[in-house]
Amino acid sequence: MEDRRLKFVLKHYRDGLKTAEDALASVYERAGMAGSGFRSPFWRRYLLPAAGIAASLLLFIFIGVREHYAWEEYRADASKAVVTLSDGTVMTLSPGSVAKVQLRVDPRHVELDGDAYFEVTRDESHPFTVAAGEGAVKVLGTRFLVSSGLDGTSVDVTEGKVLFSAAGSEEGVILTKGMSATLPMEMNVPTLVEDALPNPAAWATGEFVYRQTSLGEALRELSSFYGVGLSTADETGLDQTFSGKFPTDSLDDIIYAIESALGVKIERQ
């Protein structure tokens, strides 16, 4: 029983030790406290079992601390991944993106590599934060897109309000619904994007929502999303506006609906 409890001691001390008693005596010898008393019944009955209990307790504490600070990793491979965090926040990761959360320490902080769309559960006493590249985002409850890459970090807000800043900086920009900003690498303050697309998170939400959007702006977004060139022969019609909500699964249906509403012909290039 003693040999089993102090197997870890035998493992780390000199060769030739055959029993737990020998191992313990070796420990005290190294400490300059060697003596024949270590082989007495008292040491065998009380000290050796106590050493085993202490070792087990230390191991238990070490495992507990390690699990407390362990990171939970979420990864999207070939397709997007939708994750509901412990506070109810929904995080949608684009293919190839990775997010990490310390669930036991701070479940409302995410470290992101790639792109993710967040629908944050509101909690005024616990802000939700995202660290991505050199950028940092802080919100109470809102919907926004964070994109990080080699060129820097960008944020697009679809609902609510966020604070976007460089990591470790108190100077940033406040973004509200429909606003976008970017933080290029090695820059200290994000800059606003004036010509942001209406639906930057369409890949995550699965729909385009247009409210009095010009045809030209819509075609620019659809061309970028589907990777095709879209135009109209009558360029004067690009200023016409329309409203509507369209699922992203069929470009043909979207084109047909817009053509019918505006009386234009949309061509693919």
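## Exercises on a predicted model

Seven strands to start with: an open sheet of 7 strands runs in the order β2-β3-β6-β9-β10-β13-β14, with antiparallel pairing. Two strands count as paired if DSSP finds at least two bridges between them. Helices (H or I, at least four residues) and strands (E, at least two) are DSSP runs, numbered from the N terminus.

This is a predicted model, in which local features need pLDDT of at least 70 and side-chain atom pairs count only at pLDDT 80 or more, while totals for chains, interfaces and linings use all residues. Residues are numbered from 1 along each chain as its sequence is written, and side-chain values use heavy atoms, leaving out hydrogens and water.

**Exercise 1.** Describe how β9 and β10 pair.

*Solution.* First, locate β9 at residues 143-149 and β10 at residues 152-159. Next, count the bridges: 7, in the antiparallel sense.

**Exercise 2.** Work out how helices α6 and α7 are arranged, and which residues touch.

*Solution.* Start with the axes, lines fitted to C-alpha atoms over the stretch in contact, with angles from 0 to 180 degrees between N-to-C directions. Those of α6 (residues 215-226) and α7 (residues 251-262) come within 12 Å and cross at roughly 170°. The helices are therefore roughly antiparallel (over 145 degrees). Then list the contacts (heavy atoms within 4.5 Å): Leu 215, Leu 222 and Tyr 226 of α6 meet Leu 251, Ile 254, Ile 258 and Leu 262 of α7.

Conventions:
Angles under 35 degrees count as roughly parallel, over 145 as roughly antiparallel, 65 to 115 as roughly perpendicular and the rest as oblique.
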